[in-house]
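Please look at the sequence and the structure below.

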Amino acid sequence: MNITNPILRGFHPDPSIIRVEDDYYIATSTFEWWPGVKISHSKDLIHWETLCYALDDTELLDLRGVGASQGIWAPCLTYDNGTFYLVFTVVSSFYCNMYDTKNYLVTANDIMGPWSQPVPLNNFGFDPSLFHDTDGRKYMVSMVTDHRVPKKYAGRIILQEYSPEKKQMIGPVREIYVGDKIFLEGPHIFKRNDWYYLFSADAGTGEGHGQTIQRSRSVWGPYEMYRSEYMERTSENKAYSILTSRHHEDHPLQKSGHADLVETQNGNWYAVHLCGRPLNNRNEADRKRFPGCRRYTLGRETAIQKMRWTDDDWLILDNGTTLPDVQVPAPDLPEYRFPARPAVDHFDSTVLDLEWQSLRVPMDDYHCSLSERPGWLRMYGREGLSSKFHQTLLARRMTEFRLEASTCMEFHPEVFKQMAGLICMYDSDNYLYLHITFDEDLGTCVSILRAENKQYSYPIGFVPVSTDAPICLKVTIDHDRLQFFYRREKDNDYLAIGDSFDCSFLSDEACEEGWFSGAMIGICCQDLTGFGMYADFDWFSYEAHPVESCRT
């Protein structure tokens, strides 16, 4: 049996994996989306379920005010002697000269929590990882940011000991990697056969991304990078990568790198890594940021590769190349399927489905209610779509290039500052929003708001609509084309509204601020009067249709 990549589809970057007895857990970055740190679960490495979010309490995490693609970066999940350890970075300043990268540790006796109060660690850089040595000592490794112009080195990785008794970092901070040409990040340390291995991502997180491995007889180094003739390099500034797709533009799993390792019950080794499935759409050649780069509406996803050890104790891909496989041999474990998630959320539960996330803050009673009108989700209009504090918005990941989503809502706006509807978005500056609102001349109407890097337009104007019955809104997406529809619930057929849009700008590399997450689709409500006009949503449907690759 094979595993099909990506295993976590749509926005699931920076995977960190552990095995506890017969269970596998992957933690992924969530950036400005709430709750923080998504935990996925499997028993066979083939089938995965969304299990929980580790940081689901405002006492554990405060994301108010963080920018697009800031917030939670690169969590590292580990396990030692009955305790789960989770280290993560909260990035509050990034698109500037001096980064603010605050690193924290939380622990739990159960993967479902409760998790401890965050312990502050050092803040030299992002991508922290905790290593549990065989002698009981613990160390944190991370990359180092450098605000100087020019930077003194291409990249650095530091190591410092952590005391679980004192709940603080102790001892000296030492550099274990200083690169004058090769930039490394996302480091993990693991130990095998008395070797310490430093497993690091190289060359950023775009299409040049890769993964390197180094080793030393001491945790403090010096570390030697694995080099082999089969590794393709085009310059001295390129890393010796054991995993990369940067030399093969036609490969379906681009951006491959930022990996973590796990050993199965049967002694097999696998690496999970981030990847991306590109559209053919590219940025303009004269674009200020990422000129000519391909676009990735699904964001960075998680894939898995089978690994093997060489006779001289180096780790390589099992396929004998540096290219990741789309189809990977599964481990010899019993197949374990999870119940299929329903395509329609009828909002019948007392809690929101795990696929929903909000922006920066939880959707508490100030924002939403599942009890005010049983069987419906009531969303109270709050701040606008550019707010970094109190939006009322729920969204889920777009997981395939072809999909259809729809919702049914009741909403009775009284002024043009009240809106509610169906949204496809990358971040607060980039979205397509089909919504119901009010116009002084037309009354209640339907419209589309398009935002691309803070350039706003209403491409169809405003179309009057009767609200004598709930209104259903729908969107279909086929790779780079998006079409909106609407109807009254009592009518049979949807009506297309407006022409189809190029939606490829809802993408990594296309956004001028954030570009680390992925496109989301959901529902929201705004009331810029401050009176909290609400919209009631009866259901939300999401159906994805996998395709083999991007459209040619």
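A residue is called buried under 20% relative accessible area, exposed over 50% and partly exposed in between, with a 1.4 Å probe and protein chains only. This is a predicted model, in which local features need pLDDT of at least 70, side-chain atom pairs count only at pLDDT 80 or more, and totals for chains, interfaces and linings use all residues. Residues are numbered from 1 along each chain as its sequence is written, and side-chain values use heavy atoms, with hydrogens and water left out.

Strands are DSSP runs (E, at least two residues) numbered from the N terminus. In strand β21 (residues 269–276), 8 of the 8 residues are buried, so the strand is largely enclosed by the rest of the structure. W269, A271, H273 and C275 point one way from β21, while Y270, V272, L274 and G276 point the other way.

Strands pair if DSSP finds at least two bridges between them. Strand β20 (residues 254–263) runs antiparallel to β21, joined by 7 bridges, with G257 opposite L274. Antiparallel pairing also links β21 to strand β22 (residues 300–309), over 8 bridges; there K306 is the bridge partner of Y270.

A salt bridge puts a side-chain nitrogen of Lys or Arg within 4 Å of a carboxyl oxygen of Asp or Glu. The whole structure has 32 salt bridges. One of them joins E301 and R277 (2.5 Å, N to O). E301 lies in β22 and R277 in the loop between β21 and β22, so the pair ties together parts 24 residues apart in sequence. E301 is buried at 0% relative accessibility, and R277 is buried at 8%.

Another salt bridge joins D536 and R378 (2.8 Å, N to O). D536 belongs to strand β40 (residues 534–544) and R378 to strand β28 (residues 377–380), so this pair ties together parts 158 residues apart in sequence. D536 is buried at 3% relative accessibility.

Note on methods
Helix = DSSP H or I, 4+ residues; strand = E, 2+ residues; numbered from the N terminus.
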